[in-house]
Amino acid sequence: MSQSLIDILFRPDAFFEHKGAEKESLKIPALIVLAGSIIAAANGYLMGELSARMFAGVMPGMDAVIYLSAMAGALIGVFIFWVIAAGIFYLLSSLFKGQGSFTRVLEFVGYGYLPQIIGSLITLVAAFEYLPRVTVPVLSKSALEDPAVIEAAMKAFLHDPAMMEFTQVGSLIAIVFMLWSANIWIFGMTHARKLSMRDAAICVGVPVVLYVVYAIYHLGAM
């Protein structure tokens with residue numbers, strides 16, 4: 001039976017069972033992660049545009065640096081997340097005497113990143129709705145002489161009602177789609193490292209639960 005990307009989302013066990021019998025390949029997982037990184041970079045560009053507007057008058061060319069930093073950080077950050085997540089799952093699975101290569105784990109974690117693309121697209125749509133309503137304080141060159149001015153401007157920017165609402169919406173979207181990915185990763189780890197469902201759920205669940213707890217704590221602290 002042929003497998004499709006839709007099977008990753010709704011039939012992960014069957015998908016990974018089929019993939020586990022095939023030769024390891026990072027081509028499609030890397031493309032999935034690349035697609036996610038491009039969308040993340042688009043989100044980074046929109047956020048960078050606000051920061052660039054704030055600091056444009058502080059130093060010539062600073063706005064361009066902010067744009068590039070925001071986009072590059074988002075683009076590279078997704079790939080870093082992919083490798084770190086796979087590394088954590090691999091190390092934790094070693095405690096349960098998991099069998100299987102790191103490349104296979106990296107491959108299956110990449111496939112499981114697919115829900116993150118959906119979540120990033122929804123966040124991008126939300127960004128177009130909320131960010132134009134954010135009031136951005138504009139700093140002048142004199143702000144460099146007084147860090148308190150920059151601190152006050154950043155605080156006003158981050159606590160703008162539209163920005164706060166966007167941050168809350170984005171965090172909730174991230175949690176929901178991270179949990180969806182976690183479900184997929186559990187099935188992926190059972191086949192990538194020959195684990196029981198219980199052991200795979202622990203390997204994936206512990207770091208994901210820590211992430212969710214942190215995200216909820218961050219929301220509550222706003």
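At 15% relative accessibility, Thr-123 counts as buried, a word used here for residues under 20% relative accessible area, whereas exposed means over 50% and partly exposed lies in between (1.4 Å probe, protein chains only). Thr-123 sits in helix α6, where helices (H or I, at least four residues) and strands (E, at least two) are DSSP runs numbered from the N terminus. When neighbours within four places in sequence are left aside, Thr-123 is in contact with Asn-43, Phe-166 and Ile-173, contact meaning heavy atoms within 4.5 Å.

Helix α6, which covers residues 114-130, also holds Gln-116. Gln-116 is buried, with a relative accessible area of 10%, and, again leaving aside neighbours within four places in sequence, Gln-116 touches Phe-177, Met-178 and Ser-181.

## The model as a whole

This is a predicted model, in which local features need pLDDT of at least 70 and side-chain atom pairs count only at pLDDT 80 or more, while totals for chains, interfaces and linings use all residues. Residues are numbered from 1 along each chain as its sequence is written, and side-chain values use heavy atoms, with hydrogens and water left out.

The protein has nine helices and zero strands, and its C-alpha trace spans about 65 × 30 × 30 Å along the principal axes. Of the 222 residues in the protein, 42% are buried. Among contacts between residues at least 6 apart in sequence, 78% join residues at least 24 apart.

Helix α4 has 33 residues and reaches 46 Å from its first C-alpha to its last, close to the 48 Å expected at 1.5 Å a residue, where the expected span is 1.5 Å times one less than the number of residues. Among the buried residues of α4 are Ile-66, Val-78, Trp-82 and Phe-89.

Helix α4 (residues 62-94) packs with helix α8 (residues 161-192) at an angle of about 50°, their axes being 12 Å apart. That makes α4 oblique to α8, because angles under 35 degrees count as roughly parallel, over 145 as roughly antiparallel, 65 to 115 as roughly perpendicular and the rest as oblique. The axes are lines fitted to C-alpha atoms, for helices over the stretch in contact, and angles run from 0 to 180 degrees between N-to-C directions. Phe-81, Phe-89, Tyr-90 and Ser-93 in α4 meet Met-178, Trp-185 and Met-189 in α8. By class, this contact of α4 with α8 has six nonpolar, one polar and no charged residues, where Ala, Val, Leu, Ile, Met, Phe, Trp, Tyr, Cys and Pro count as nonpolar, Asp, Glu, Lys and Arg as charged, and the others, Gly among them, as polar.

## Helix α2 against α8

Helix α2 (residues 12-20) packs with α8 at an angle of about 35°, with axes 9 Å apart. Here Pro-12, Asp-13, Phe-16 and Glu-17 in α2 meet Asn-183, Ile-184, Phe-187, Gly-188 and His-191 in α8. The contact of α2 with α8 has four nonpolar, three polar and two charged residues.

## Two lysines with positive phi

Most residues other than glycine have a negative phi. Lys-97, however, has a phi near 60°, a positive value; Lys-97 lies in the loop between α4 and α5 (102-112) and, at 69% relative accessibility, counts as exposed. The phi of Lys-194 is near 55°, also positive in a residue other than glycine. Lys-194 is placed in the loop between α8 and α9 (197-221), and at 59% relative accessibility Lys-194 is exposed.
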